[in-house]
Amino acid sequence: MREKLWKIPYRQPELPRELIEAGYTPLLAAVLALRGIRTAAAADELLNPGAERLVDPLRMKSMNRAAARLQRAIRDREIVAVYGDYDVDGITATALLTDYLRHKGLTVVPYIPDRGAEGYGVNASAVDALHEQSVQLIVTVDCGITAVEECLYARQLGIDMIITDHHECGGELPPALAVVDPKQPDESYPNQVLAGVGVAMKLACACEGNTETILEQYADLVAVGTVADVMPLIGENRALVRMGISALEDRPRPGMAAMLREAGLGGRAISATSIGFGLAPRLNAAGRLGQAQIALDLLLTESPDKASRLARQLCELNRRRQEIETEIWNDANRLLEGRTPTGPIVLAKEGWHQGVIGIAASRLAEQYALPAIMICLSGESGKGSCRSYGGFNLFEALSACSDMLTGFGGHALAAGLTLRSRDVPAFRAALNDYYQQHRPERMPDIACDLLIRDGELLSEENVLSLDLLEPYGSENPKPSFCLSGAVLLSHRGVGGGRHLRVQLQLRQQVFEGIFFGHTAEELGIADGDRLDVAFSPQLNEFRGRRSVQLLITAMRRHKSEALCADILSGDPAYLWAAAPYRPERADFIRVWRQIDSPDYRSGDDLAAILAQKPPKMESERYCLCLAVLHEAGLLSAVYGGVRQQLDQKADLTATPLMQKLL
């Protein structure tokens, strides 16, 4: 496995004066500044979204026609089908519109296609089945924007269709009675990143003529679908998710309450993370294993007993999904035969579960920092799930290899494909050739937002203020912080040795931290080592005492090369990070004597220079000594051909560099 690439920012955090004067803590102000927010008004817009952030649904193109047709169906007591998708966004959208129309007195037929047998989207066989049930109107949710032929077919059968979707539109829109999609051409609706359940909610609002009433009933469904579909949690979406989280905490519907209990979240504060890692995988497991109806029934039931039974079934499905995923993962590693791939990973095997290979592809992509494609073979054909990494555009890559595929679709980061089994080796080779010609610049695996130079920014008040950034999610990620060169004072295994509790010292400050799922042996660290640590701070309460704890996300032996290179290059951006290593007179004497030693060999690169530093001196302090001595005219150079200028005298504290450090 290749070494992870870290990005540690050495620049001093920006603390916009207006944010500080408005009462924001320095830590929160610094995070907001990194996100381009430097005024109190902009901060308030992000941090305090409320109902005033919601947009009139009738501003969405064709919404008036869609709402009018739905109102007619309600008035005439028509039989309506709600046609959804098998992922969490589609299931919550189906549940929302089905429940709304049933409460209006309609007979509603919810329809979610089988992932394996039917695949994604509207299909003619499903339209036939709905026609046999006397359906007069089909409303799609989270799908349908490409259902051109299916809309024509439904019209021939005398069925009207309303399309509600949030995916990219193709070249031709379906000839439906109304097409509601914030991404369609000439759309003026300001929020084009609504989830499918968000669009379905907007249709219900337009039909009802009252957004407040609909959100009172369905904000929880909107929040779960929006978070699960990784929609940007800014603006209107952020307001909707906040309202939904409040509903989940205060008045969860029976199905959600049962799911929260099964996920160990009952009675606890809910966050977007709780939804993404607690609720969503369980709901998603049903669709992945072809039993989305169980998840839909759970969200629709008003019986606590039935909800408990269905929630247990979903958790059992999720465990089964995990078992299948592990089996596929083990197969994948066997197929790799211990090799470390250098290009896209393309693996194929008979019998893999079509609904689960996408998760395995995502794990492979993360594990090897490469695009990954897992193909389920069945006789002469195969279906594949593709996941990108590092900004590599999968859709363009598949387009370039399309002559070897019988079909493909998706977007830059995730896609699906079909091909002939015999073409897998040729496709693998062609995709690798394309990747080598369009290899993206390597992105950091660990990207920290702020370097914490001392403990002042990690006070209880500062850490508590970060809660204002919740809910975290796409385009509003949880901030990540770094310690650089912290000393490991002590460590011990907890949780049966599966987790690591550490005590770290950074200059005069001591921090407590926990690193889940890792051991000191695995990390190769020991007490006394200097470490780089990536973490999120949190408040920990134990026996009535509250303290700041570092929730560690990555850890390595300290690497000083980046900061040292900045120091020796004269880049002024490093000064804030380097200031704690400011040399004293004794340090200059040690370095001077080291250079004067007959064993000293100046180097032409950073590694050779650092190899010559005095024992037990930090690399950063050593490089600062060299830079100051050179600036004072006492060294002829830093890289290569270094010699002392013994005839020179200088006041080192008077050099510009030392003055800045002081």
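Modeller: V230 sits in the loop between α9 and α10; here helices are DSSP runs of H or I with at least four residues, strands are runs of E with at least two, and numbering starts from the N terminus. This is a predicted model: local features need pLDDT of at least 70, side-chain atom pairs count only at pLDDT 80 or more, and totals for chains, interfaces and linings use all residues. Residues are numbered from 1 along each chain as its sequence is written, and side-chain values use heavy atoms, with hydrogens and water left out.

Colleague: What phi does V230 have?

Modeller: A positive one, about 55 degrees, although V230 is not a glycine. Most residues other than glycine have a negative phi.

Colleague: Why are α9 and α10 described as roughly perpendicular?

Modeller: The axes of α9 (residues 211-228) and α10 cross at roughly 115 degrees and come within 7 Å. Axes are lines fitted to C-alpha atoms over the stretch in contact, with angles from 0 to 180 degrees between N-to-C directions. Under 35 degrees counts as roughly parallel, over 145 as roughly antiparallel, 65 to 115 as roughly perpendicular and the rest as oblique, so the pair is roughly perpendicular.

Colleague: Which residues of α9 and α10 make the contact?

Modeller: Contact means heavy atoms within 4.5 Å. Among the residues involved are L215, A219 and D220 of α9, and N237, L240 and V241 of α10. The contact divides into 12 nonpolar, three polar and one charged residue; Ala, Val, Leu, Ile, Met, Phe, Trp, Tyr, Cys and Pro count as nonpolar, Asp, Glu, Lys and Arg as charged, and the others, Gly among them, as polar.

Colleague: What makes a space a cavity and not a pocket?

Modeller: On a 1 Å grid over the protein atoms alone, a cavity is where a 1.4 Å probe fits but cannot get out, whereas a pocket is an open set with protein on both sides within 12 Å along at least five of seven lines; lining residues have an atom within 4 Å of a point. The structure holds one cavity of 30 Å³ or more. About 70 Å³ lies in the largest cavity, and its lining includes Y10, R453 and E620.

Colleague: How much space is in the second largest pocket?

Modeller: About 870 Å³. It has 27 lining residues, and S271, D467, E470, K478 and Q538 are the closest to its centre.

Colleague: What kind of peptide bond joins E470 and P471?

Modeller: A cis one, with omega about 0 degrees. P471 is in the loop between α18 and β14 (481-494).

Conventions
Points joined across faces, edges and corners; volume = space filled by probe spheres on them.
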